[in-house]
Amino acid sequence: MKRMSRTSGQVLVLAVLALGVLPFQQTWGAEAVIKVGEYASLSGGTASFGSASHKGTVLAVEEINAAGGVLGKQIQLITEDTQSKAGEASTAVRKLISQDKVVAILGEIASSRSLEAAPICQEAKIPMISPGSTNPKVTEVGDYIFRICFIDPFQGTVMAKFALDSLKVKNVAVLTDVKQDYSVGLAQFFREYLTAHGGVVAKEQSYSSGDKDFRAQLTSIKSSKPEAVFLPGYYNEVALIVKQAEQLGLKVPFLGGDGWDSSSLVEIGGQSMEGQYFSNHFSPEDNAPQIQSFVKNFQTKYNQTPDAMAALGYDSARFLADAIRRAGSTDPVKLRDALASTKNFGGVTGSITINAQRNATKSADILVIKGGKFKFMQTVAP
């Protein structure tokens with residue numbers, strides 16, 4: 001390969017600078033495809049979440065491409081596995097941005113990993129859309145960070161209101177996973193609403209992700225004689241906790257959030273999960289035509305019923321594609337503005353309107369576990 005002379009190189013640099021363009025600047029829209037990045041926990045402790053959201057995302061991309069793509073181009077989804085580990089999310093998004101040159105990033109479900117990745121996307125000015133991270137801090141990182149799920153203040157309030165108004169219980173213990181921003185946030189907002197409306201926190205206990213023995217915490221909770229226990233954790237520990245509670249004779253309702261939503265919950269917890277309640281983004285029992293079409297297509301492709309994480313992954317990809325169409329471009333500023341202006345987007349997880357904080361304003365479903373299935377109880381509007 002012929003080497004450029006110093007003089008020729010200097011002339012080229014001066015010419016480029018005269019045009020006001022840096023030689024390494026990306027020309028948005030020049031690619032033959034639209035590259036979209038995804039980071040998800042496809043392995044490790046919360047793989048059920050990541051695998052489900054990834055399946056939903058893949059289905060949406062396939063449907064979008066089959067319908068002609070976006071702006072006349074096919075979407076190319078590039079996925080990185082965070083392995084459910086701290087540190088992997090930042091590595092994944094750096095690679096997607098610097099090497100793969102993606103125009104936007106989808107992920108993650110876990111709030112802790114979204115909080116790790118969001119500053120990198122914000123600094124690079126690459127829009128990031130979280131399918132399911134509910135901690136309020138996620139979108140506070142900056143104006144390129146969005147989510148399509150409801151947030152913890154709403155979810156925590158919904159479950160506290162449900163405990164007081166529907167279950168008619170006032171004396172509630174709280175058991176929190178201190179290693180997860182998601183759990184800590186949900187516990188905070190549940191506690192605030194409960195105590196402000198005549199309820200009492202009977203006892204507060206904590207654990208850490210990965211723990212297996214919760215008998216000490218549960219024994220302490222049992223001694224406080226609660227009428228219910230709020231357990232805003234992830235499905236793997238939740239199932240063990242509820243199972244051990246039953247063994248210790250702590251037979252009161254357990255309440256949780258969307259972190260419970262996994263088929264593994266009942267597989268691990270078994271009969272002990274019967275009659276427990278949690279808030280969620282989606283129910284496959286909803287008879288709305290759009291939801292039933294999604295459920296049918298998902299079952300055809302994967303031979304399983306989609307959960308809320310699958311539905312959120314599906315909606316996140318469609319939400320992004322809709323914004324790219326409205327922007328008429330993959331330019332990051334135009335795309336950011338289109339995402340921010342989204343009103344009444346028809347998702348399978350509800351009608352999505354993005355507010356000034358780049359959060360989704362939408363309703364929540366409350367489900368009860370019966371016969372090993374997640375049964376729809378009621379919808380709570382914001």
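I note that two strands pair if DSSP finds at least two bridges between them, strands being DSSP runs of E of at least two residues and helices runs of H or I of at least four, numbered from the N terminus. In S15, I found Val380 as the bridge partner of Ala364. Strand S14 (residues 364–370) pairs with S15 in the antiparallel sense over 7 bridges.

This is a predicted model, in which local features need pLDDT of at least 70, side-chain atom pairs count only at pLDDT 80 or more, and totals for chains, interfaces and linings use all residues. Residues are numbered from 1 along each chain as its sequence is written, and side-chain values use heavy atoms, with hydrogens and water left out.

I then looked up the sheet. It is open, has 7 strands with mixed pairing, and runs in the order S7-S6-S8-S9-S10-S14-S15. Strand S7 (200–207) and strand S15 (373–380) are the edge strands, each pairing on one side only.

I next looked up the helices on the sheet. Helix H8 (residues 215–223) packs there, touching (heavy atoms within 4.5 Å) strand S6 (171–177), S7, strand S8 (228–230) and strand S9 (254–256). Helix H9 (residues 235–247) also packs on the sheet, where it touches S6, S7 and S9.

Last, I looked up the lining classes of the largest pocket. I counted 10 nonpolar residues (Ala, Val, Leu, Ile, Met, Phe, Trp, Tyr, Cys and Pro), 7 charged (Asp, Glu, Lys and Arg) and 9 polar (the others, Gly among them). A pocket is, on a 1 Å grid over the protein atoms alone, an open set of points where a 1.4 Å probe fits, with protein on both sides within 12 Å along at least five of seven lines; lining residues have an atom within 4 Å of a point.

Conventions:
Axes fitted to C-alpha atoms, helices over the stretch in contact; angles between N-to-C directions.
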